[in-house]
Amino acid sequence: MIFTPLISKPDSVSAIMLKVLLALLPGIAMYVWYFGPAILVSITLASITALSTEALMLKLRRRPIAPFLKDNSALLTAWLLALSIPPLAPWWLVVVGTAFAIAIAKQLYGGLGNNPFNPAMVGYAVLIISFPMQMTHWLAPQGLVLTELSFTQQLDYIFQGVLPHSVTLDALTMATPLDTLKTHLHLDESVQQILNMTIYGQIGGHGSEMAAWGFLFGGLYLLAARIISWHIPVAYLGTLFVIAGIFHLVDPTHYVAPLFHWFSGAAILGAFFILTDPVSSPTTNKGRLIFAAGAAFLTYMIRTFGGFPDGVAFATLLMNISVPLIVLYTQPKVFGKKDKS
């Protein structure tokens with residue numbers, strides 16, 4: 001009797017995307033715990049918009065609709081975009097950003113597998129440039145403000161722009177930990193003084209650092225399940241740690257410690273869920289290391305010296321541009337092929 005070797009069947013695209021969505025759940029759970037359920041409304045709105053826009057674009061392109069809607073890629077784009085914008089964002093902001101991400105950044109390039117840019121980050125970039133005011137109204141973590149909205153009141157604001165009588169938006173929102181840091185550094189305050197503010201927790205922002213722990217847990221699951229390789233997360237977080245560490249050692253008064261950059265903003269989310277997009281990232285392992293290191297460098301430069309508080313989205317898009325060049329120069333040599341001399 002001849003025994004053939006066991007060959008494992010690779011996961012389908014829909015199964016892989018579903019596992020990535022499941023890996024986001026711990027971070028989303030922490031998000032809801034510290035900031036309230038408004039983020040679930042944004043995720044739902046983004047999901048409905050993504051699926052509807054995908055179906056419309058597929059119909060216009062005369063492509064089969066059901067197989068592409070079932071691959072879960074549109075849902076992943078929707079969730080990543082929703083997690084990148086303020087949870088109290090008005091409904092139309094979520095719809096515009098998600099529709100642009102699916103229609104322009106994904107479908108007009110030919111759909112899944114052909115888009116050179118991460119669609120969710122394209123949607124985010126469009127929103128932060130076009131609607132900067134609406135993109136700065138981040139909910140304060142629970143317990144840090146005197147007034148907190150119930151879920152019904154959050155729905156009223158998201159869909160109607162209505163707040164309870166005598167309650168202002170400024171009483172409910174505050175700048176992100178990264179934005180607060182940058183603002184107060186410009187006021188000549190030291191890092192030590194700034195980090196004593198109530199908005200900050202043990203490592204990063206109060207509440208947001210716990211959401212980052214949740215995304216880290218989900219990211220480690222993706223590594224264990226071999227959905228992603230270690231190259232991009234390790235290179236990105238390692239490079240960000242080294243660069244932030246050098247600046248902090250040189251001048252700890254004006255530059256925060258490396259772990260602050262890990263657990264504030266979208267660094268963890270970017271390392272495991274955004275930069276690892278298999279379509280818009282390099283296909284070679286060496287290329288992934290270069291790609292992630294470059295993204296980390298740009299993230300730190302934008303955060304520290306740029307005009308935006310968090311640089312993950314723009315760093316991702318800038319490195320997406322360089323992917324073809326990175327892949328070209330990191331392709332392994334063909335076995336048996338002689339070098340030209």
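How much area do domain 1 and domain 2 bury between them, and what share of it lies on carbon and sulfur atoms? The legends below describe close-up views of a predicted model.

**View 1. The two assigned domains and the area buried between them.** The domain assignment divides the protein into domain 1, covering 12–174, and domain 2, covering 177–330, and the C-alpha centres of these two domains lie 21 Å apart. Domain 1 and domain 2 bury about 2500 Å² between them, with 80% of that area on carbon and sulfur atoms. To the contact, domain 1 brings 32 residues and domain 2 brings 27 residues.

**View 2. The side of domain 1 that touches domain 2.** Within domain 1, the residues that lose the most area to domain 2 are A23, N118 and M121, which together account for 19% of what that side buries. Helices α1 (13–35), α4 (73–84) and α6 (119–130) each supply at least two residues of this side, and α1 gives the most to it, with twelve residues.

**View 3. A nonpolar surface patch to which helix α11 gives the most.** The residues F241, V242, I246, V250 and L259 make a nonpolar surface patch of about 470 Å². Helix α11, which spans residues 231–250, gives four residues to the patch, and I246 lies in this helix.

Conventions
Residues numbered from 1 in each chain as written. Predicted model: local features only at pLDDT ≥ 70, side-chain atom pairs only at ≥ 80, totals over all residues. Heavy atoms only, no water. Patch = residues over 30% accessible without salt bridge, like charges linked within 9 Å, V, L, I, M, F, W, Y side chains within 5 Å. Areas by Shrake-Rupley, 256 points an atom, 1.4 Å probe, with all protein chains shown as cover. Salt bridge = Lys/Arg side-chain N within 4 Å of Asp/Glu carboxyl O. Domains from an automatic or database assignment. Contact = heavy atoms within 4.5 Å. Buried area = accessible area lost by both parts, 1.4 Å probe.
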